[in-house]
Amino acid sequence: MPEKFPDSVVKEAFIRSDGECECMDDRHNHSGRCNSLITYRMRGMEFPGGWEACQFAAEKPLDAGNCRIVCIDCYKAGKILPLISYNGRDDMV
Ligand SMILES: [Zn+2]
Ligand SMILES: [Zn+2]
């Protein structure tokens, strides 16, 4: 659940996201990274700009590297895991 991440971790991940959705689930209506614009103060809101923090790998610690910032559309689209299918690339932090 998104609430597991401490605020400081979510904030760090959000800064990394550049205010854009980090979802790369190709089963959604976007190819490659979603990049929908999101707004920090709109976390959890079901409006354009809304977003949530999701855990990428259940077995990994709750740090920013394991936190993915996704827009509310992707969050609701579900089928989240694996949230980001990296092409061997996991050095975003
Ligand atoms: Zn998205
Ligand atoms: Zn998506």
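Against which elements do the buried residues of helix 1 pack? In this predicted model, the buried residues of helix 1 pack against strand 1 and strand 2. The paragraphs below start from the overall fold and return to that packing.

The chain contains 2 helices and 2 strands, and their order along the sequence is α-β-β-α. Of its 93 residues, 30% are buried. Among contacts with a separation of 6 or more, 55% are between residues 24 or more positions apart.

The two strands run antiparallel and are joined by 5 bridges. Within this pairing, Gln55 stands opposite Cys67 of strand 2. Strand 1 is mostly covered, with 4 of its 5 residues buried.

Helix 1 has its buried residues at Val10, Ala13, Phe14 and Ser17. These line one face of the helix, because their directions, viewed down the helix axis, fall within an arc of 105 degrees. Ser8 and Ile15 are exposed on the other side of helix 1. It is the buried residues that pack against strand 1 and strand 2.

The largest nonpolar core has 20 residues, and the members that touch the most others are Cys21, Ile69, Val70 and Cys71. Two or more residues each come from helix 1 (7–17), strand 1 (51–55), strand 2 (67–71) and helix 2 (72–77). Strand 2 supplies the largest share of this core, 4 residues. Leaving aside neighbours within four places in sequence, Cys71 is in contact with Cys21, Cys34, Ser36, Ile38, Gly50 and Trp51.

The segment before helix 1 includes Pro6. Pro6 counts as exposed because it has 12 C-beta neighbours inside 10 Å, and the cut-off for exposed is 12 or fewer.

Asp18 belongs to the loop between helix 1 and strand 1, and its positive phi occurs in a residue other than glycine. Because Asp18 has 11 C-beta neighbours inside 10 Å, this residue counts as exposed.

Asn35 is also placed in the loop between helix 1 and strand 1. The phi of Asn35 is near 65 degrees, again a positive value in a residue other than glycine. With 16 other C-beta atoms within 10 Å, Asn35 is partly exposed; a residue would need 20 or more to be buried.

Arg33 is found in the loop between helix 1 and strand 1 as well. Arg33 has 14 C-beta neighbours inside 10 Å and therefore counts as partly exposed. Apart from residues up to four places away in sequence, Arg33 touches Glu22 and Met24. The C-alpha atoms of Arg33 and Cys21 are separated by 7.5 Å, with the two residues 12 residues apart along the chain. Cys21 is one of the core members that touch the most others, and it is among the contacts of Cys71.

Note on methods: Residues numbered from 1 in each chain as written. Chains lettered and ligands numbered in written order. Predicted model: local features only at pLDDT ≥ 70, side-chain atom pairs only at ≥ 80, totals over all residues. Core = buried A, V, L, I, M, F, W, Y, C linked by C-beta atoms within 7 Å. Contact = placed C-beta atoms within 7 Å. Pairing = 2+ DSSP bridges. Arc of directions from axis to C-beta.
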